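Have the sequence open alongside as you read.

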Amino acid sequence: MKKIALEQLKPGMVTAEDVYANSGQQLLVPKGTTLTDLKLQLLNVFAIRNVRIEDDNPESADASSAGQGEESYFGEHIPDFTSKLPQEVREARVKEIKEYKEAYNKGLNYFQVAVNNLVEKNADMNLNVDTILNQTISLLGNRGKSSILEMLIFMKERDSDIYSHCINTSLLCNMLAHWLDYSEEDCQMAAACGLFHDIGHLALPEELLQKTEPLTPEEQDLLATHTEKGYEMLKAFDVDETVRLSALMHHEKCDGSGYPRGLQDEEIDRFAKLVNICNIYDSMTSDRPRQKAVTPFAVIEEYETRGLSKYDTRAILVFQKNTVNTYLNCPVRLTNGAVAYVVYINPGRLGRPIVQCNGEFIDLSKRTDINIAEMLPVV
């Protein structure tokens with residue numbers, strides 16, 4: 001076994017020990033791996049200076065034979081992106097997406113009719129939160145093997161309205177609460193808070209909500225009143241005070257920079273803090289009248305840029321980590337038009353992962369001229 005500098009490594013050499021990145025936290029190349037051009041590229045991306053190599057192995061080998069059985073490890077191994085999924089897998093995936101869309105639209109229609117009857121027609125002042133909530137929560141059980149984050153990508157085919165936004169935020173809040181190891185009762189509460197957080201929008205003029213030009217200062221002030229309007233609307237119904245507080249506080253920030261009251265950290269209801277995070281995520285990843293949708297990685301980068309002090313520390317860190325890990329090995333389209341695959345999450349720059357494109361690794365934390373423009377379906 002001998003230690004060889006990166007620039008002296010050649011395809012065909014065999015590693016004598018595991019090679020790690022990030023101070024031993026990430027396994028890049030396992031012991032006994034035959035190096036290939038792709039593996040050497042990977043080591044270069046992570047600035048691995050030297051590698052221990054087996055003594056008895058050729059200095060070089062046929063690149064085709066050296067690449068046989070190759071695996072790369074980034075928590076999980078990178079699939080062979082050059083081959084399509086088997087036909088039966090593709091068909092099952094398409095069927096899964098179709099069934100989820102049908103269930104989603106059914107739940108969406110139910111929620112829209114129920115809320116409109118209550119708000120516009122005053123039909124039944126006893127708001128049956130459990131019935132509406134159960135219809136929404138059932139969507140969590142209709143996603144097959146996919147995560148709710150993956151499935152929501154397929155629900156973004158039309159402009160988001162208040163109803164779909166509330167459904168999405170409810171599902172995201174429930175998911176985040178589970179990630180935080182909340183009790184099942186609290187996970188249900190988180191979903192209820194997300195479901196009704198923006199009900200105050202229904203008390204605002206439709207032309208304001210659908211305006212495509214930038215809002216005037218007066219219009220911005222009017223839009224901001226949806227938090228207080230929502231709280232007052234929910235007073236008329238038999239809902240938990242926590243749900244009302246989330247409607248009121250979901251735009252408050254832990255550093256005091258939010259509205260309507262400029263509350264800080266402990267003054268903000270803990271469920272409203274979850275809604276705040278999930279509300280931003282769904283809003284930014286959806287087409288809105290004054291905003292085009294961005295990718296999940298752009299949202300994560302926005303969280304990092306704005307400063308984590310605005311959010312509940314544990315909740316935002318857990319949300320970021322689990323969200324980006326959901327998209328490991330997923331196909332994306334880059335701003336240069338190329339299709340790539342997310343293969344590694346940079347711990348210090350979660351919103352700027354390493355992608356594999358045409359047999360090369362691109363570290364987006366260093367290549368700031370390239371961004372992820374679009375998430376592509378895995379079908």
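C278 has a relative accessibility of 0%, so it counts as buried. Keep in mind that this is a predicted model. C173 is in the buried class too, because its relative accessibility is also 0%.

## Helix α14 and its partner α13

Next, have a look at α13 (residues 296-306) and α14 (residues 313-326). Their axes come within 10 Å and cross at roughly 155 degrees. Angles over 145 degrees count as roughly antiparallel, so that is the label for α13 against α14. The crossing of α13 past α14 is left-handed.

Which residues do the touching? On the α13 side they are F297, I300, Y303 and E304, and on the α14 side I316, F319, Q320, T323 and V324. Sorted by class, this contact has six nonpolar residues, two polar ones and one charged.

## Helix α14 and its partner α6

Now turn to α6 (162-179), whose axis comes within 10 Å of the α14 axis, with a crossing angle of roughly 105 degrees. The range for roughly perpendicular is 65 to 115 degrees, so α6 is roughly perpendicular to α14.

Here α6 brings M175, L176 and W179, while α14 brings A315, V318, F319, N322 and T323. The class count for α6 with α14 is six nonpolar, two polar and no charged residues.

P260 is in the loop between α11 (241-249) and α12 (270-284). The peptide bond leading from Y259 into P260 is cis, and its omega is near 15 degrees.

D181 sits in the loop between α6 and α7 (184-196). Its phi is positive, near 65 degrees, although D181 is not a glycine. D181 has a relative accessible area of 67%, so it is exposed. N358, in the loop between β7 (349-357) and β8, has a positive phi as well, near 50 degrees, and is likewise a residue other than glycine. With 72% relative accessibility, N358 counts as exposed.

## Strand β8 and I362

Is I362 buried or exposed? I362 belongs to strand β8 (residues 360-363). It counts as buried because its relative accessibility is 13%, and the limit for buried is under 20%.

What does I362 touch, leaving out residues up to four places away in sequence? Its contacts are L334, P353, I354, V355, C357 and R367. Among them, P353, I354, V355 and C357 carry numbers that fall in β7 (349-357). For one more distance to check in the viewer, the C-alpha atoms of I362 and V343 are 9.8 Å apart, and 19 residues separate the two along the chain.

How values were computed
Residues are numbered from 1 along each chain as its sequence is written. This is a predicted model: local features need pLDDT of at least 70, side-chain atom pairs count only at pLDDT 80 or more; totals for chains, interfaces and linings use all residues. Side-chain values use heavy atoms; hydrogens and water are left out. Buried means under 20% relative accessible area, exposed over 50%, partly exposed in between (1.4 Å probe, protein chains only). Axes are lines fitted to C-alpha atoms, for helices over the stretch in contact, and angles run from 0 to 180 degrees between N-to-C directions. Helices (H or I, at least four residues) and strands (E, at least two) are DSSP runs, numbered from the N terminus. Angles under 35 degrees count as roughly parallel, over 145 as roughly antiparallel, 65 to 115 as roughly perpendicular and the rest as oblique. A crossing is left-handed if the near helix is turned anticlockwise from the far one by less than a right angle, and right-handed if clockwise. Contact means heavy atoms within 4.5 Å. Ala, Val, Leu, Ile, Met, Phe, Trp, Tyr, Cys and Pro count as nonpolar, Asp, Glu, Lys and Arg as charged, and the others, Gly among them, as polar.
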